[in-house]
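Here are my notes on this model. Please keep the sequence and the coordinates open while you go through the points.

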Amino acid sequence: MSTSQGVITCKAAVCWGLGMTLKLEEIQVDPPKSGEVRVKMLCASICHTDVSGIQGSPYVNGFPLVPGHEGVGVVETVGDEVKNLKEGDMVIPTYIGECGHCRNCVSGKTNLCLTYPFRITGFMPDNTSRMSCRGKKLKHTWTCATWSEYTVVNANYLLKVDPGINLAHASFISCGFSTGYGAAWKEAQVESGSSVAVFGLGAVGLGAISGAKMLGATKIIGIDTNEMKREKGKAFGMTDFINPQDSDKPPSELVKELSDGFGVDYSFECTGVPSLISESLAATKMGTGKAISIGAPNEPIVPFNHTTILAGRTLKGSVFGGLKTMSDLSIVADKCQKEEFPLQELFTHEVPLTDISKAFDLLKEPNCVKVVIKI
């Protein structure tokens with residue numbers, strides 16, 4: 001680790017091109033500009049969106065790239081005009097900002113701020129980068145780039161958290177778990193006594209189960225082809241489990257068989273598998289059913305059965321589960337600090353940053369839920 005005129009030389013995982021293997025590189029991280037903060041990362045984790053991004057997701061724009069959008073760290077340097085953070089603060093980088101004043105922020109209808117939007121360009125809000133390697137500028141994944149010993153983030157995309165928070169758990173709530181939890185809480189607004197189906201029981205799906213349980217849903221059906229997810233789902237509040245491989249019927253029909261033949265009130269598609277968007281919608285009740293699409297598909301355009309939505313059902317997309325960074329994620333962080341979620345159930349594997357390539361093999365293991373990267 002070296003510092004020269006404010007520039008830090010450190011280690012980071014770098015992807016140099018589409019589908020290429022990650023390489024641990026020595027990179028340079030510039031000091032923060034006005035309104036920005038340089039963060040010393042302590043812990044990160046892997047979301048499947050990171051994997052699909054390296055493989056060509058439409059939500060990641062170009063290479064070379066420092067992946068990672070889940071993690072937690074400590075403020076190392078504060079740029080000018082940053083008033084709400086100081087050196088030593090524990091922070092979670094996020095990809096959703098919140099100004100509190102734009103038309104979207106004050107509407108109460110969305111978490112997508114117009115002043116600090118969800119950025120997929122790979123650049124900071126001023127359309128430049130703070131990271132470089134071998135003389136080439138590196139792109140920041142979704143303004144985060146957490147698979148690096150140091151990263152620079154605009155202060156409006158950082159949430160200050162209690163320094164005593166469990167680092168791995170803080171990383172889990174920076175995207176995956178919170179995305180599912182928020183989808184149940186903010187997007188679907190699940191009602192007490194209602195029925196729910198969750199397609200895909202990774203961290204996002206388990207978060208949706210947890211949110212549905214906390215909001216009083218009485219039937220929560222988890223759907224996953226991995227039989228080992230049965231126990232994970234139960235730990236978060238699932239009441240019924242479906243393994244689609246055990247039947248020739250489509251998953252939506254299996255859900256209906258467990259919900260009086262009419263379907264559930266709410267469903268959550270957490271995988272990004274195109275065919276499951278139609279299935280999640282068809283699994284809900286005619287006229288009133290609501291399906292939330294959370295998983296990010298590799299293709300920007302996906303087909304679905306139009307008759308399912310013509311029958312009065314609602315299909316809604318969601319980014320970060322509808323959570324606002326300051327107003328809502330802070331509540332999730334507080335619940336995390338109070339251990340209201342069984343987040344230890346997510347922590348199945350850990351690797352050091354120097355062994356980052358091993359993490360992708362671990363994701364293929366049937367017992368893997370989240371891989372923690374120790375920075």
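**Notes on the predicted model**

1. Ground rules. This is a predicted model, in which local features need pLDDT of at least 70, side-chain atom pairs count only at pLDDT 80 or more, and totals for chains, interfaces and linings use all residues. Residues are numbered from 1 along each chain as its sequence is written, and side-chain values use heavy atoms, with hydrogens and water left out.

2. T94. This residue sits in the loop between β7 (90–93) and α2 (103–107). Helices (H or I, at least four residues) and strands (E, at least two) are DSSP runs, numbered from the N terminus. T94 counts as buried because its relative accessibility is 1%; buried means under 20% relative accessible area, exposed over 50%, partly exposed in between (1.4 Å probe, protein chains only). Leaving aside residues up to four places away in sequence, T94 touches W142, T143, C144, Y157, L158, T325 and L329.

3. Helix α10. In α10 (residues 329–337), L329, V332, A333, K335 and C336 are buried. Seen down the axis of α10, these buried residues fall within an arc of 160 degrees, so they line one face of the helix. The arc is that of the directions from the helix axis to the C-beta atoms. An α-helix has 3.6 residues a turn, so residues three or four places apart point the same way. The cover over the buried residues of α10 includes β11 (158–161), α3 (167–172), α4 (176–187) and α5 (203–214). L329 also belongs to the contacts of T94. After α10 comes E339, with a positive phi near 60 degrees.

4. Second largest pocket. On a 1 Å grid over the protein atoms alone, a pocket is an open set with protein on both sides within 12 Å along at least five of seven lines, whereas a cavity is a set of points where a 1.4 Å probe fits but cannot get out; lining residues have an atom within 4 Å of a point. Grid points are joined across faces, edges and corners, and a volume is the space filled by probe spheres set on the points. The second largest pocket holds about 250 Å³ of space. Both α1 (48–54) and α11 (356–362) supply at least two residues of its lining, and α1 has the largest share, 3 residues. Among the lining residues are H48, V51, I54, S357 and F360. By class, the lining has 6 nonpolar, 5 polar and 1 charged. Ala, Val, Leu, Ile, Met, Phe, Trp, Tyr, Cys and Pro count as nonpolar, Asp, Glu, Lys and Arg as charged, and the others, Gly among them, as polar.

5. Cavities. How many cavities of 30 Å³ or more are there? The count is 2. The largest cavity has a volume of about 50 Å³. Of its 13 lining residues, V60, N61, I120, G122 and H140 are the closest to its centre. The second largest cavity has a volume of about 40 Å³. Its lining includes T49, D50, G53 and V60, and α1 gives the most, with 3 residues.

Conventions
Contact means heavy atoms within 4.5 Å.
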